[in-house]
Amino acid sequence: MKITTWNVNSLTARLQHVLDWTAANPVDVLCIQELKLTDDKFPLDVLRGIGYEHCAVFGQKTYNGVAVMSRFPVRDIVKNIAGFEDENSRLLSVTVETPSGALRLVNGYFVNGQAPGTEKFDYKMSWLRGLRDYLREEIAHHPELVLVGDFNIAPEDRDSFDPEGLRETIHHTTEEREHFRKLLELGLVDSFRLFEQPEKSFSWWDYRMLGYQKNRGLRIDHILVSEPLKPRVAGCSIDRAPRKWKQPSDHAPVTVEIL
């Protein structure tokens, strides 16, 4: 099966992009972030019409919002981090009934954090601590788990177009990278790094200063798989094509294939 994560930066603005991309890439599960719409505005009928009959949605007006679109049944839906009070729609956990068995899938739009030393950065740190505590319990109950989303963290220097110039700035701080490392310590693996990848492989490019054209990007969209799933991961890739389209999201879809 194939699972894709994609920050669409407004589903209303990018619905046709989603339809066009999934027509060419009929993945089994599509996890999207930054819906920027409420649940009642989610285009369920349209997406069911292209085969995603099972949709879990956690929207929010203007900001945030996550959704899981699946060709397989989903159940046991949990919104946000259990035990962590949050007014924002950032996390959606579901169990997907795949042909190979039940798979726990957690889709997140991680906090951006603005800049070190700000209240938003403190919020990011506390959110990441809450996420780690939550995932520890989830993995204990669901050994076959996949964590996907826009992490807003470039975990290594090779995940940034300018690691020295951006060192200790947002997405690059020691604190953020330590949180990413601690997620891996829960028993998760960065599926993208299981395979040889082209140098300067990024998933996000700034709209400004010809960011995409100059490949001034970051790899901040990730798919982490639990250790029991690692032997079944057949590939993981970033599709840059939609970033070239008219009025694109600033993120590209990332896809993992699990046998």
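Buried, in this talk, means under 20% relative accessible area, with exposed over 50% and partly exposed in between, using a 1.4 Å probe and protein chains only. Thr 95 counts as buried because its relative accessibility is 3%.

Some ground rules. This is a predicted model, where local features need pLDDT of at least 70, side-chain atom pairs count only at pLDDT 80 or more, and totals for chains, interfaces and linings use all residues. Residues are numbered from 1 along each chain as its sequence is written, and side-chain values use heavy atoms, with hydrogens and water left out.

Back to Thr 95. It sits in strand β6, residues 91-98. Strands here are DSSP E runs of at least two residues, helices are H or I runs of at least four, and both are numbered from the N terminus. What does Thr 95 touch, beyond residues up to four places away in sequence? Pro 73, Val 74, Arg 75, Asp 76, Ala 102, Leu 103, Arg 104 and His 142. Contact means heavy atoms within 4.5 Å. Take Asp 76: 19 residues from Thr 95 in sequence, yet 5.9 Å away in space, C-alpha to C-alpha. With Arg 104, the Thr 95 side chain makes a side-chain polar contact of 2.9 Å. That term covers N or O pairs within 3.5 Å; within protein, one atom must be able to donate a hydrogen and the other to accept it, and residues adjacent in sequence count only if both atoms are side-chain atoms.

Now the sheet. It is open, has 6 strands, and runs β5-β6-β7-β8-β12-β9 with mixed pairing. Pairing requires at least two DSSP bridges between two strands. Inside, β8 (145-150) and β12 (221-226) pair antiparallel over 5 bridges. Leu 147 stands opposite Leu 224 in β12.

Two helices next. Helix α3, residues 119-141, lies across β5, β6, β7, β8 and β9, at about 25° to β6. Helix α4 lies across β8, β9 and β12, at about 125° to β9. Axes are lines fitted to C-alpha atoms, for helices over the stretch in contact; angles run from 0 to 180 degrees between N-to-C directions.

Last, the packing. Which members of the largest nonpolar core touch the most others? Ile 3, Val 94, Leu 105 and Val 146, out of 32 residues. Such a core is a set of buried Ala, Val, Leu, Ile, Met, Phe, Trp, Tyr and Cys residues joined through side-chain atoms within 4.5 Å. Apart from it lies another core of 23 residues, including Trp 127 and Leu 183.
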